[in-house]
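Below is a short briefing on one protein model, grouped by topic.

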Amino acid sequence: MDIKAAIKEIKRGQVSPLYLCYGSEKYQIQEFIQLIQDQIVDPENRDFAVVHYDLADTQIETVVEEAETLPFLVERKLVLVRDSSLFSAAKEGGKIEHKVDRLLTYLDNPAEHSVVVFTVNGEKLDERKKTVKAMKAKGQVLSFMPLGGHELIQWVIKQAASRDCTMDETAAQALLASAGVQMAALSAEVNKLCLYAGAGGTITAEAINQLVARTTEQNVFGMVEDIANLKLERALSTFYELLKQREEPIKIAALIARQFRIMLQVKELGGQSYSQQQIASQLGLHPYAVKIAGEQARKFEASRLRSSLSELAELDYRMKSGRIDKVLGLEMFLLGLGA
């Protein structure tokens, strides 16, 4: 079952007694857990009905006993379990030993008065493990991976709409360019922008540029975008603004090198017919970042990207060894890109 189908079931009141949520998108997992909590737990009874465990310091037998124990003052309780080893290939940490058979017995006949949600912070489960096979057979196993570029833009637009505000795709792209792709940060920024726009208001790209502060990484990302579009004056303006903010030139150069390296990797993998999602997984990047890097990479020859990376490596050595003024060295590199 996919996430959308699971959400529809929960909203209809059909809540499974067992869930296994895994993936790198923590914000989506927390939203899903909140949905379950809102469905089965009254706010005034939350202290009695929601229990948290971490298998790094709690035996699985304790969790099973909790799930089997009848709830106090409520019909159903929610047992949230953070896991790092029972369902994934990660090595067990600490000295906690788990009796897995106790869990397997419970999975075979889960209590109707409990909803147990296991969360795994990782992109993959260990399909060889009995626990994973049992969860797939008896419960619901859901993958929470980063949204693709278009999906993320639509999610931002829906976040604004849920707060009674309007945002078009241009504004949503401007927000991603400023705030990055982390959903928790984006949600907070949308909330701030909606408060500024007011109920029924419209969030514009101009308002985003005024109200949303760019991180150093996003500023460097914008610099590379301007360089790719031959807007050298804007790129230098961003560079000087970063210097005013007392950002270290060596750090700026390292971030530029990182973006050029990503562009080269995306270009090469794309040339081997890898999909955007496959490239994102291979490089450990968000799909939206891969999409933008791919668009930037098309404006450079692979040979130019390689030579730029070699220049940045040499510049890094010269700056760190004091053989060149750091600001001057980075200025010369940026000017050279525009030549």
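**Strand β4 and the sheet**

Both faces of β4 are covered: S114, V116, F118 and V120 on one side, and V115, V117 and T119 on the other, are all buried. Buried means under 20% relative accessible area, exposed over 50%, and partly exposed in between, with a 1.4 Å probe and protein chains only. The model is predicted: local features need pLDDT of at least 70, side-chain atom pairs count only at pLDDT 80 or more, and totals for chains, interfaces and linings use all residues. Residues are numbered from 1 along each chain as its sequence is written, and side-chain values use heavy atoms, with hydrogens and water left out. Helices (H or I, at least four residues) and strands (E, at least two) are DSSP runs, numbered from the N terminus.

- Strand β4 spans residues 114-120, and seven of its seven residues are buried.
- The open sheet has five strands in the order β2-β3-β4-β1-β5, with parallel pairing; two strands pair if DSSP finds at least two bridges between them.
- At the edges are β2 (50-54) and β5 (140-143), each of which pairs on one side only.
- From one strand to the next the twist averages 20°.
- Strands of a sheet pair through backbone hydrogen bonds, either parallel or antiparallel.

**Strand pairings**

- β3 and β4 run parallel and are joined by seven bridges; in this pairing V79 stands opposite V116 of β4.
- β1 and β4 also run parallel, with five bridges between them, and C21 stands opposite T119 in β4.
- Strand β1 (residues 18-22) is joined to β5 by four bridges, and the two run parallel.
- Opposite Y22 stands S143 in β5.
- Helix α1 (residues 3-11) lies across β1 and β5 and runs at about 125° to β5. Contact means heavy atoms within 4.5 Å.

**Helix packing**

Axes are lines fitted to C-alpha atoms, for helices over the stretch in contact, and angles run from 0 to 180 degrees between N-to-C directions. Angles under 35 degrees count as roughly parallel, over 145 as roughly antiparallel, 65 to 115 as roughly perpendicular and the rest as oblique.

- Helix α7 (residues 149-162) packs against helix α8 (residues 169-179) at an angle of about 105°, with the axes 9 Å apart; α7 and α8 are therefore roughly perpendicular to each other.
- On the α7 side the contact involves H150, L152, I153, Q154, V156 and I157, which meet E169, A172, Q173, L175 and L176 in α8.
- By class, the α7 and α8 contact has seven nonpolar, three polar and one charged residues. Ala, Val, Leu, Ile, Met, Phe, Trp, Tyr, Cys and Pro count as nonpolar, Asp, Glu, Lys and Arg as charged, and the others, Gly among them, as polar.
- α16 and helix α17 (residues 326-337) pack at about 170°, with their axes 10 Å apart, which makes α16 roughly antiparallel to α17.
- Residues R304, S308, E311, L312, L315 and M319 of α16 meet K326, G329, L330, F333, G336 and L337 of α17.
- The contact of α16 with α17 divides into six nonpolar, three polar and three charged residues.

**Buried loop residues**

- H98 lies in the loop between β3 (77-83) and α5 (100-108) and is buried, with a relative accessible area of 14%.
- A polar atom of the H98 side chain lies 3.1 Å from the backbone oxygen of L55, and a polar atom of that side chain lies 3.0 Å from the backbone nitrogen of I60.
- N45 is placed in the loop between α2 (26-40) and α3 (46-49) and counts as buried at 18% relative accessibility.
- Not counting residues up to four places away in sequence, N45 touches L73 and V74.

**Exposed loop residues**

- L73 sits in the loop between α4 (60-68) and β3, counts as exposed at 57% relative accessibility, and has a positive phi near 70°.
- S273, in the loop between α13 (249-271) and α14 (276-283), has a positive phi of about 70° although it is not a glycine. S273 counts as exposed at 65% relative accessibility.
- Most residues other than glycine have a negative phi, and most peptide bonds are trans.
- R298 is in the loop between α15 (287-297) and α16 (302-320) and is exposed, with a relative accessible area of 64%.
- The C-alpha atoms of R298 and S88 are separated by 38 Å, the two residues being 210 residues apart along the chain.

Terms used:
Polar contact = N/O pair within 3.5 Å; in protein donor to acceptor, adjacent residues only side chain to side chain.
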